[in-house]
Structure formats: structure tokens, C-alpha cells
Amino acid sequence: MNIVSLVSDYVHLRRSGKNYIGLCPFHQEKTPSFTVSPERRMFYCFGCHAGGDAITFLMKIENLTFPEAVEALARRLGLKIPQKTGSDQERKDKYYRVNELACSFFENCLNGPEGMKVRDYLIQRGIKDETWRIFRLGYAPESGPFLQFMQKQGIDPFLLLQVGLIRDKVGGKELFRNRLMFPIMDLRGRVIAFGGRALDDSQPKYLNTGQTPIFEKGHHLYALHLAKRPITEVGNAIVVEGYLDAIACHQFGFHNAVASLGTALTREQVGLLARFSKKVILAYDADLAGVMATLRSLELFGQMEMEVRVANLGGFKDPDELLHQKKAEGFSRAILNSVPALDFAYEKIRQKYDWKVSQEKKEAVLELLSLISSIDSPLDQEKYIKRLALDSGFGEDTLFSQLRKLKKSSGKAVSDRSPTGLDELEGIKAKPPAAEVTFLKIIFENPELIALVEQELDPEDFSHPYLKKIFQESLFRFKNGQIDIYNITFDEPEASAFLARLLLESLPETEEPGKELKKCLLKIKKERLTREYKRLSEEISILERSGDLELFRKKLEELQSIVNKIRSLTVK
Ligand SMILES: [Zn+2]
């Protein structure tokens, strides 16, 4: 595909060295900063940083979705598009069908002779058989029967690999063996993924489908297909953490319950909830992790103008335990006694510190101010400043001026406590670290050098999500013997723009790219360790007050080992 001829349909291009330049169609300009490289099949604008490959260009200029742009390109090239078989939807339908087959296979195993022990387990946990039928629980037996069943059904093993039901490669083992199975459904009730709970001492206790074309972690809520109508009827949603919590809620008549399958809620999950109700009650585990997760979700809820309360589980470990011991009545009381999440957070932070020690009091005030700065509504903000003034003895004016300072210095004061979804978003917006950019530029300029670093650098070492993706993809291409390691197509225009920038922005002259690359590598590694160091120190300062000595020591040891690693990198 000749990108120059494609772009020429929209932009007047002229040759400039190896590249073509023209006036950018995506922003107003008088001198051309829009560059097209036929060699690298990329465009990039040095003015507005738009960039990408031919597909991205079509997406942007014609306002198309990724599959539409792919189709449009194919049509330009005179390729026949097999209308039905190749379409995105058709492919997805195949994944749903395989998952559905697997789900009913697991269901049959649970209800068959091989599932007797698991049924005993469910009964012992107080789960009724009508409940496990509604949730379509199942049993994944030991290795063998599942693959034989799929083979009999004529299912292509590659399909099983794509939906994450077998491991690593075609011909690999089943991912779920001897596990109690929880199918995860989308809003329409289609099976998109599975969670499996170990029935023996296997680790991990809970195993989940990884990312697949129809499932992304943190983008779904367990049981929402059952709960969506009750949520609109009751007028609020109960969010719990685990499968068994959600199942217990439904069994005891709380049909408006969903599970987040992880402690911190993501932006996508909060967005899903917002479609059905603006009121949410969090009923998380009462341990420190649960509390921290609640705090982290607060800002997200605030941004979507949702009302969040935190249920008072009154010393019970989780909703599952509370429900089975105190029945519906006890859980109703926990919901009734729920408090606004901000009050809950405020109290939790307040109780962490010894206010009689002046240094601690100062820290407490700062942390509470940081909480208050995350509140969107000025009225609420004032309410909590008043409360803080009473608690601390500082004047309201002093607190307000400190609050303004805090906001100025950090832009967003609680950003360090944001959940994964937000982290990711902020990560994308953040300026990519120079070492990561230079590193990738060098390997694109000198693809053979990737051999020098492939063993030493992990994509996870990258802090910027798109740069991480780009490195991951190039590494994959390199390992598969491809020469064009940068010939990557992303369906996210932003990722494409990043790649274009790496490929088309020139690299500062360097005599020894290999040496320079090693330098970047060390820096990237060090920066990652520093991030871990920061994260751990924060955790430790929280743990210090929680009194969990064992965990505290363990984290301290981890911190020490990070310090040692940083040192050893410096010596090199
Ligand atoms: Zn531009």
C-alpha cells in the first residue's frame, strides 16, 4: 500500500529528501509540518502530533472506525472483501459460540457424576442449586475431557487459544483444570470469559481468562446482565468484590448486586454502572485493601457525579460471610447503615493518625486536604473544610489557602491514589520519558540492536502504556524473525501517532548507537525501580499505622531489595 498516493488524495504533497511534506489536514498551518514517509509507511505532523499509518490516516480524515478504515483501504486496493466471513462481528460471534459451548460443558460436568464433590462444596457454602443454575456455575475437570469434547464438536484449537481456554499455544493444556467455574457474561448475557476457583491447593486460588478479543480485564462487571434491571428498579447498585459475594447477594434477594472482580473500580466499570443508576453502595471486604480501594474509586465517582455510599459490614469479613450468618436482614442493616463514601474516607484517614503528636497531626491534615481537593462540588468542599477546621483547630482560611497550594502543585492532588483505569489514562497523557523514546528510536533506526537488549528489558519496564505496547509488538516481531519490526498496526489512533513520532522524528546524531541504547536501558530500568520504590514507601507508611507488623516487615524487605537493585545498577 502506497501511503503517499493515499494521502495525496487529500493533501498536496511535495518531495523533501526521503519524505514528502504538505500542509497538515488536521490543523491550521501556513508552513508545512505534515510529513509522509513512503519508506516507513507512516505520516506524522510535527505541529499537532497527529500521526500513524494509512489506516489511521483514513480513520482520522474520513472519521471511520478501525474496521471501516481497513475495509475502505481494501476497496481502494481493489481487494474483494469477503462480506460475511471476514467481518469483525462474524469473528466475535465465533468466540461467543466457543465460550457458550465451554460454559455448557462445565455446567454438565458440575451436574454429572464427576461434579459430585463440587456440588457438596457448593452446598457446604450455602449456595442453592437454583442459584448455581442461574449463575451457570460449572466444573472444569482434570485435563482431558474438555479437549476431547471440543474436538468432537469440531472446534479449531486455535479458537480455544484465542478465547484463552487453552494455554500458550495450540496443543497446550486447558487453562482451567479441577476448578469451580464462574462464567462471566456481558450485558447481553453472552459468555465472554471465565473465572475458576481452585478446588485443591493449586495456586492461584482464582484464575481468570486473560485479555482476549472479547474480554478486557476491568471493563466488565460480574452479574451485571442479571442485575441491570433490578438496579434501575431499586434505584441503586450494590458493588461487591468477589464472585461468591455477588452470588450470595442474589440468593438472599439483593438482585441489584454486581462484583468488580478486583479491588479498585476502573473508569470503564464506573461508566457501566452510571448507565443504570447514579447511586452506588460499595460493600467491600473490611480489610485495609478494601478500604484503600474505596478511597481510590472516590474521584472517579465524583467525576461522573455519582452518589457513593459505603456499607457497614460490622466486622464481617465480606458480604458472603455476613449474608450466610445474619441473612438478608443483617445485610439490609449494613446497607441501611451505609455512610457517604467521603465521610467514610475522611474517618478512615482521620483514625490513621495520632492527633496529639504535632507531626502526625500535620500529616493528617495534609492527607485530608488532599482528599478534599478531589471533591468536585465546592459546596461539599466547604463542608469538609469546616469539619477539618473543627478537628484540627486550624482556621478555615488557613486550610483553604493550603488547599489551593496543594491543587496548584499537583494539578490533581489525589492522583497518586488513582485506580488502574485512571493511572492508565494519566499514563497516556503524561509526557513519555525521554529514555523510553530514545530507546525505541534507536532500535527502529538500528533494528539489529534489539538482539542486544531483548533478554535484558521487559516491556513492563516501560512506564508509558503506548511505548510499552510498541516495544512489546516490535519484540514479538523480532522474535518471529520479521525484519520490519516497526511495521505495526494499532487500532488505537493515539498509539499509532506515538509510533509515527518515534519513526519520523529524527534521532540526535550518535556515534555509537549500541552504547547509547545500553545507557537508555539502564535509565529505563532505574526509573522503573524508582517508581516501585515510591509505591512501596507509600504502602509502608500506610501499613506503619495499620499495625500489621508481619506485612510491614515483608514490605520493608522488598523495599531494601529494590534499594540494592538500584545501587547495583548505579555501579554498573
Ligand atoms: Zn497537524
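The entries below go from overall dimensions to domains and then to a single helix.

Entry 1, overall build. I note at the outset that this is a predicted model. I counted the secondary structure and found 24 helices and 14 strands in the protein. I then looked up the radius of gyration, which is 27 Å and close to the 25 Å that the globule rule gives for 572 residues, so the protein is as compact as a globular protein of that length. Along the principal axes, the C-alpha atoms fill a box of roughly 75 × 70 × 50 Å.

Entry 2, packing. I checked burial across the 572 residues and found that 35% count as buried. Turning to contacts with a separation of 6 or more, I found that 62% of them are made by residues 24 or more positions apart.

I listed the division into domain 1 (3–76), domain 2 (88–208), domain 3 (227–341), domain 4 (353–419) and domain 5 (430–572). For one pair I looked up the separation: the C-alpha centres of domain 3 and domain 5 are 37 Å apart.

Where does H13 bend? I located a bend of about 125° at Lys326. The helix runs over residues 319–336, and although it has 18 residues, its end C-alpha atoms are only 14 Å apart, short of the 26 Å that a straight helix would reach. Its buried residues are Pro319, Asp320, Leu322, Leu323, Phe331 and Ala334, and I recorded that their cover includes strand S10 (237–240) and helix H10 (243–251).

Technical notes
Residues numbered from 1 in each chain as written. Predicted model: local features only at pLDDT ≥ 70, side-chain atom pairs only at ≥ 80, totals over all residues. Domains from an automatic or database assignment. Helix = DSSP H or I, 4+ residues; strand = E, 2+ residues; numbered from the N terminus. Expected span 1.5 Å × (residues − 1). Bend = angle between axes of the 7 residues up to and from the residue. Buried ≥ 20, exposed ≤ 12 C-beta atoms within 10 Å, placed from the backbone. Contact = placed C-beta atoms within 7 Å. Rg over C-alpha atoms; globule rule 2.2 N^0.38 Å.
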